[in-house]
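Hello,

Here is the model we talked about, handed over for your backbone check. Please open it alongside this message. My notes follow.

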Amino acid sequence: MSLRKVAVVGAGMTKFVRRAQETGKELAYEAAKMALDSCELKLDDVDGVALGTAPDAFDGVHMKGEYLSDGAGAWRKPFMRSYVGGGTGVFTPIQGWYHVASGLFDVCLVVCEEKMSSCQPHPQGAFLTIFDHTTERPLGPNLLWIFALEMNRYMHMHGLQKKDIALVSVKNKRNAADHPCALLGDPNITVEDVLNSEVLAWPVQRLDVSPVTDGAVALVLAAENVAKRITDKPVWIKGVGWALDTAYWTNRDLYYPKYVEYAARMAYEMAGIREPRKEIHIVEPYDPFDYKELHHLEGLLLADKGEAPRLTAEGVTARTGDMPVCPSGGLLGVGNPIAAAGLMKVAEIFWQLRGEAGKRQVPGKPVTGLAQAWGDLMQVGTVIILGIGG
Amino acid sequence: MSREVAIIGVGYSGFRALTPDVSYKELMYEAAVKAYDDAGVDPRRDIESFVTVAEDFTEGTSIFDEYVPDQLGAALKPVHTISGEGLHGFIAAYLQILTGAMDIVAVEGHSKASNILTPNDILAYAMDPIYNRPLRANPYFIAGLEMNRYLCETGTTREQCALVVAKNKHNALYNPTAAYGANIGVEDVLQSEMVSYPLSRMDMSLHADGAIVMVLASRERAEELSDSPIWITGVGWCNDSFSLETRDWSGAIYAAKAGEMAYRMAGIRSPWQELDLAEIDDTFSYKELQHMEALRLCRPGEAGPLTEDGATELGGELPVNPSGGSLGVGHLLDASGLARLLEVVLQLRGEAGQRQLPDVETGLAFGWRGLPTTSGAAVILNN
């Protein structure tokens, strides 16, 4: 059966910073207000709110969604918080999509907030409790270690070197220099800088990793009939997909994210996309680490296995390339307030397709874009495809 | 919006005060297997999406949704968590089918409350970290304040609240899954230790462990798979202000607005006449009465006298919490709303055993997220 069409009609974003003075509730309010103002709507026009925010352990607030609810605009409104770890930022607009596509809502506010700086001495501490309490936690693993394992496996399988991967960090941090909300934009960074940065857990070095960040992003979604009244430039949600793999990550071959492929196939099918490499014009894959952008491009079927580094080296993924990847600057450049970072990617596609991305605007009038996030124990993929026209 | 959606399978394990013999994964697995068998579906082949509800702090694990797919048969499938009440998760599953993109979706909620050594300390972490937490008050003071306000505004008495406890614990004696069935009197409740005036120890439900899984399907698939589909006719959910300083302390606005949304969808104008049973949150005794009024089962101040008259007993005009509610069954953390809904399904199917109500067609389930939230969800079912 044909699905009810849902459009993104507005977006707002706070600055991404290392340590925000605002409370999480205030960050959520600021982003929500900007998104509503951008499409000239009031809170009264909103039927319900979808909220995304990652571990409660960052803020040390139990039931963090409830705490953020009134700040996010959900006072006396239907409100739900969805949660798939790092994949949350792209899942929350999917939640908003099913709220509207169900026919229950005409206008849904989607808000993603993260305030990592409250976690002392370092937010990585919050990740010590994500491991299986019986089989893994006694070993005291930390998140950087397991991603180092994955990066190592990926490099080994495809015979890659650190310099092949560092190119991603350089591209994204340079792109971010044009983003007014970015935390780590740097127009002059080089591959040497990345290769010479402090080793955290080999092969992961300081500049391979996105920073700890505070921030919030919001979108306004609307059903077709309403969207056309609100804006002349609705950006349609063409397809959504998500998949969660087994919790037993130690039993999987980490060189390839099969769960991302499953999520992508679901979204491509819904969007009627048969040849993603031709039909997707801009991509915002999740890049908390530089190798993840490459890993995800392959999982999204936008590059053959092991070929994403070559596309990067050849400039295909540059902002002016054939398939711009992370024109925003990604998590490596703009920052990584977990859930908000994922939604920032969706907002970037929205602005790029409307031709409103300012200095970051990619050439060639893109029509279709894809944003993707990843999370849990290297386990979940969330994908959304946006498009104009049709 | 024209798609019709039904519950075609339910499964549960528990409910018990302690479950040292099984892990949360085993509780979930048992409930899932029973639900899939009840629905006649294979999770790997037939179920297109899974929704679970959980909160990290009560699980003792950050990003808890990592640990749900395997025991549900959901690995490499669309799975996501709603950090909300079980009924929020249920509604999320329902909405996915309404979109037309899915035909069969499962929802899961569980409680392993017995693993939590310091539940009050966990709850204290739910308080606003800037304005309220520094006061270091036990969060149950909120229930005491709210109960006091409710009693004062409506003229309801502590005795009427105590009757709710007696009724629900008595109903639970007929429910083999209930953990806290008992024959007690009003005096037992009034004489129990005071927690935060006027809330006494026995006005509060106790936690239990357990898991509940339900399978939902579109009309087409439901009619193919099930002889007794239970149709979803209305859903509603709402949050009031989270801030203690700005919320409404007497009326349970979240329940009123969630109910209003669900009734409108189901075309119900006079809930008292049109509903045959109601399973509504009774985390605290007064909450059953306050929620009855907010959900327009009666006018403000009438829930207490109706309870005195026996109108909400098993044989009454509108039985409320025939399962025994959270006071009798045990409070299942965020799975509590699913336990309320489970009873409505069993009653509408005629599978409620000794506590089966005669001639029931339409039932309401309402869940509240508990202290210190103002978050609730309502579901209306019809057979």
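A:Lys365 sits in a loop of chain A, between α14 (338-354) and β10 (368-375). This is a predicted model, so please read the angles below as computed from it. Phi of A:Lys365 is near 45°. That is a positive value, and the residue is not a glycine. Is A:Lys365 buried or exposed? It is exposed, because 11 other C-beta atoms lie within 10 Å, and the cut-off for exposed is 12 or fewer.

A:Arg76 also has a positive phi, about 60°, without being a glycine. Look for A:Arg76 in the loop between α3 (64-69) and β3 (79-83) of chain A. A:Arg76 has 17 C-beta neighbours inside 10 Å, so it counts as partly exposed.

Why flag these? Most residues other than glycine have a negative phi, and most peptide bonds are trans.

Now the peptide bonds. Which residues does a cis bond join in chain A? They are A:Trp202 and A:Pro203, with omega at about 5°. A:Pro203 lies in the loop that runs from β5 (199-201) to β6 (204-205) of chain A.

Chain B has a cis bond as well. It joins B:Tyr197 and B:Pro198. Omega there is about 0°. B:Pro198 falls in the chain B loop between β5 (194-196) and β6 (199-200).

Best wishes

Key:
Residues numbered from 1 in each chain as written. Chains lettered and ligands numbered in written order. Predicted model: local features only at pLDDT ≥ 70, side-chain atom pairs only at ≥ 80, totals over all residues. Helix = DSSP H or I, 4+ residues; strand = E, 2+ residues; numbered from the N terminus. Buried ≥ 20, exposed ≤ 12 C-beta atoms within 10 Å, placed from the backbone.
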